Amino acid sequence: MNLFSLVITKPLGLLINLIYGLFDNYGIAIIIFTLIIKTVLIPLTFKSQKSIKKQQKLQPFIAELQKKYANDSQKLQTEMMKLYRENDVSMMGGCLPMLIQMPILIGLYQVIQKPLTYLIGVDFKTEEALAKAGQIQQFMIENFPSKIDAAIQKYTPEQLVKISQISLSRWSELTFGKEDPWVLNFNFFGMDLSNVPKSAFMQLFSGNFSDPGTLLLIIIPVIAVLTTWFSMKLSQAQVKKKSETTENSEPNPADQMSKQMSIMGPVMTGFFTVTLPSGLGLYWIISNIVQITQQYLINKYFDKKEDDINVKVPESNRKNRKKHK
């Protein structure tokens, strides 16, 4: 087991395993898991917003530095970094919550790809579990060859449990019946969360409407992209509030980074939620909805506390060193 799996994947798996054991539903387990993760990240979100507010307060000083060192970009960068450091501000502060979520998404992807291991705790190091995987594979080859890809038919049991646990769970119902412990409840409001939305788009474009449960998966990437865009806009609006009042200043790096993220975020969301299992897209949607709610409430809080946030200039500018509100 590598370090990432030990620190990220394994704890996430244990948490989802606990939740799934209580509710016996894949979608509900992901929703509750997301709410727990977002609650844990509230202090980081709060700190990030405070950093953004400080950046806004620093805009007049940044404008002065840009004017003073217009012909010396290296000195300008040095003085700007000194200003940020003196006020404990990070230029990446506004993006930090999203960056922190990336390892969680990667770990969650592994958990979703291996639901038998993480949701119900099957130990595939045992000969019994591997033998059952091989039995399911053989049954599918003999009885439902059209439902199992030719490449997967040649997999060893070890390869199956590494790559195709979602399929093994679905096939176990055909092999042993609905009561088999490997059968997971992937149904969520008529959607099969074990499937990939890409298959829904392919089915739609081919004119095949025979499986409404698969077609419903189109909703997931659409909502994920829209909520990501709205969340980015809400965050970017806060960054703009102060910087727009600063006249004749060069673009603020934090503003530029925020604008880039507001474009890249929805694009990346669309790509990932179309090509990866729908469970990950559901996590993304719930995460965005919670993020939008948190952002709105935190913005309201800091708007009320506007006058309590103070900034100062470095020692090198002692003559101008006053606290500004």
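This is a predicted model: local features need pLDDT of at least 70, side-chain atom pairs count only at pLDDT 80 or more; totals for chains, interfaces and linings use all residues.
I started with W171, which touches I136, M140, K147, I148, I152 and L160 once residues up to four places away in sequence are set aside. By contact I mean heavy atoms within 4.5 Å.

Residues are numbered from 1 along each chain as its sequence is written, and side-chain values use heavy atoms, with hydrogens and water left out.

Next I looked up the nonpolar cores, meaning sets of buried Ala, Val, Leu, Ile, Met, Phe, Trp, Tyr and Cys residues joined through side-chain atoms within 4.5 Å. Buried is under 20% relative accessible area, exposed is over 50%, and partly exposed is in between (1.4 Å probe, protein chains only). The largest core has 50 residues, and W171 is listed with F33, L168, W182 and Y283 as having the most contacts inside it. Helix α16 (residues 278-304) gives this core its largest share, seven residues. I also found another core lying apart from it, with 11 residues, including F61, I62, Y84 and V311.

Then I turned to S164, in the loop between α10 (157-163) and α11 (165-176). Helices here are DSSP runs (H or I, at least four residues), numbered from the N terminus. S164 counts as buried because its relative accessibility is 6%. Beyond its neighbours within four places in sequence, S164 contacts I152, Y155 and Q159.

With a relative accessible area of 32%, L204 is partly exposed. I see L204 in contact with F209, L215 and I218, leaving aside neighbours within four places in sequence.

Definitions and conventions
Helices (H or I, at least four residues) and strands (E, at least two) are DSSP runs, numbered from the N terminus.
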